[in-house]
Amino acid sequence: MAQDENWLEACAADDIDEEDVIRFDYEDRSFAIYRSEDSEYFATDGHCTHEKVHLANGFVMGKIIECPKHNGRFDYTTGAVKKAPACVDLKTYPVKVEAGKVYIRIG
Amino acid sequence: MSTSQTKRDYSLTGPENRRAQERGLAAAEWYETPIPRKRLKELMKRKDGPAIRDTIVWLVLLTGAGIAAYRSWGTWWAVPAFFVYGLLYASPGDSRWHECGHGTAFKTSWMNEVVYQFSSFLVLRPATPWRWSHARHHTDTYVVGRDPEIHQPRPPVWRIIIMQFAHLYGGPRDIKRMFMHAFGVIDKEEKEFIPETEYRKTFWESRAYVVIFAIVIAACLYTSSILPAMFIVLPSFYGACLMVVFGMIQHLGLHEDVLDHRLNTRTVYMNPVFRFLYWNMNYHIEHHMFPMVPYHALAALHEEMKGDCPKPNRSTWEAFSEVIRALLKQRKDRDYTIRRELPPTAQPYQYGPSEVSRVRGGTETTTA
């Protein structure tokens, strides 16, 4: 895993389909990495803020990620809650894509 | 699995809640049948078309039955006519409440919300509390002390089961809560699963229900007839029987305190009429394991999963009679549980939170 000033190599850009999400674990933390319809990349905390359900199993609709268990929804580009039962915003992280690799900065 | 004959406390405010948390059963990771991500995404895809079609068909049938019931009022034909009207009011009311509560029936959010609020009133369930209650049911399905929607304790309370066929246990309880909410009171049990931020919405929804109740009562007084209430409110009681059968066959007789829906949930093959009324919730293992798959894709999800699941019951009657036999056995042996063999292609059952609890074949019942 390449590390540079807290930028972590999370995956290859092609590992994520358009309008989809994958899981990325680092040490004891877990993240969700998104690729939008326009092939922009985003990252948030991995678990829903409602209950400990991983969002990487959820459904991406446009800019929205839906929790696979309870239908809580977030705007994954900002982390903002869009639908109960989630009530607390998701934490987001900066993302960059270089040489076909997706990096996130968690520091 | 407990072997004690001591009666357990099924309330959410008793010692079982803490016990479930200590055992790692609360908000735990549940078993999921492996399904390729691409296929699961196809199945989760939302559509408006099927739910719009089914809602129109439902409302046309309900209106037709209502007209027949109105015209037959004062004759013996009113008995079957109102029975049909009641079934079409309560059973789809329940299933539409359920599916729209999950937010998956329609692609368009406001359509889910409109049908959710409408059908919540039909089945007399305060909309917001039940949304949160059902979220907990999915988090902690049949975990004692955590799940507010366990249909029956062990041993079962037959008085309640019989009353429920006319909604005479849950109905008055929800009406009482509705009036409490209208006066700004949330009971202790509900505080377990409804966040404070939702209280205000809860109060205003219940006030709307109270206004509708008042209008129906005023209409009855004005016309000196029970007829208005026969169309609004009372069908939730006299039309409840099929809804209760559907509810009873979902989980009863199966395991409590496990982390695998194949152990505590029942999939039942049903005829097309029942599947329409129940909006495919007969595929209940599938629904619990992947609750974001819409009702119209559950039959396809079943095809993906069936090699990993025990055999479904072959009919509603077979499932219902299996439940009644299990409940009768639980009168004397509260630990009696229906055990289902898995096909050879299936992953082992996940009884509890640790690897030790995974047992192949479903013939052993160790728990973590």
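Trainee: What volume does the second largest pocket have?

Mentor: In this predicted model, the second largest pocket has a volume of about 620 Å³. Its lining is made up of 32 residues, and those nearest its centre are V53(A), N57(A), E29(B), W30(B) and E32(B). Two elements of chain B, α2 (37-44) and α16, each give two or more residues to this lining. The largest share, three residues, is that of α2(B). By class, the lining of the second largest pocket holds 15 nonpolar, nine polar and eight charged residues.

The largest pocket may be set beside this one. The volume of the largest pocket is about 1200 Å³. It is lined by 46 residues, and P148(B), E149(B), I150(B), H151(B) and R173(B) are the closest to its centre. Elements of chain B that supply two or more residues to the lining of the largest pocket are α4 (78-102), α6 (127-139), α7 (158-164), α8 (170-182), α9 (188-191), α13 (241-251) and α16 (284-289). Its lining divides into 18 nonpolar, 16 polar and twelve charged residues.

As for the annotation of chain B, an unreviewed UniProt entry lists residues 75-318 as "domain: Fatty acid desaturase". Over that range the chain is 61% helix and 0% strand, with 36 Å between the end C-alpha atoms.

Conventions. Residues numbered from 1 in each chain as written. Chains lettered and ligands numbered in written order. Predicted model: local features only at pLDDT ≥ 70, side-chain atom pairs only at ≥ 80, totals over all residues. Heavy atoms only, no water. UniProt positions renumbered as here; feature names shortened; annotations may be inferred. Helix = DSSP H or I, 4+ residues; strand = E, 2+ residues; numbered from the N terminus. 1 Å grid on protein atoms, 1.4 Å probe; cavity = no way out; pocket = protein on both sides within 12 Å on 5 of 7 lines; lining within 4 Å. Points joined across faces, edges and corners; volume = space filled by probe spheres on them. Nonpolar A, V, L, I, M, F, W, Y, C, P; charged D, E, K, R; others polar.
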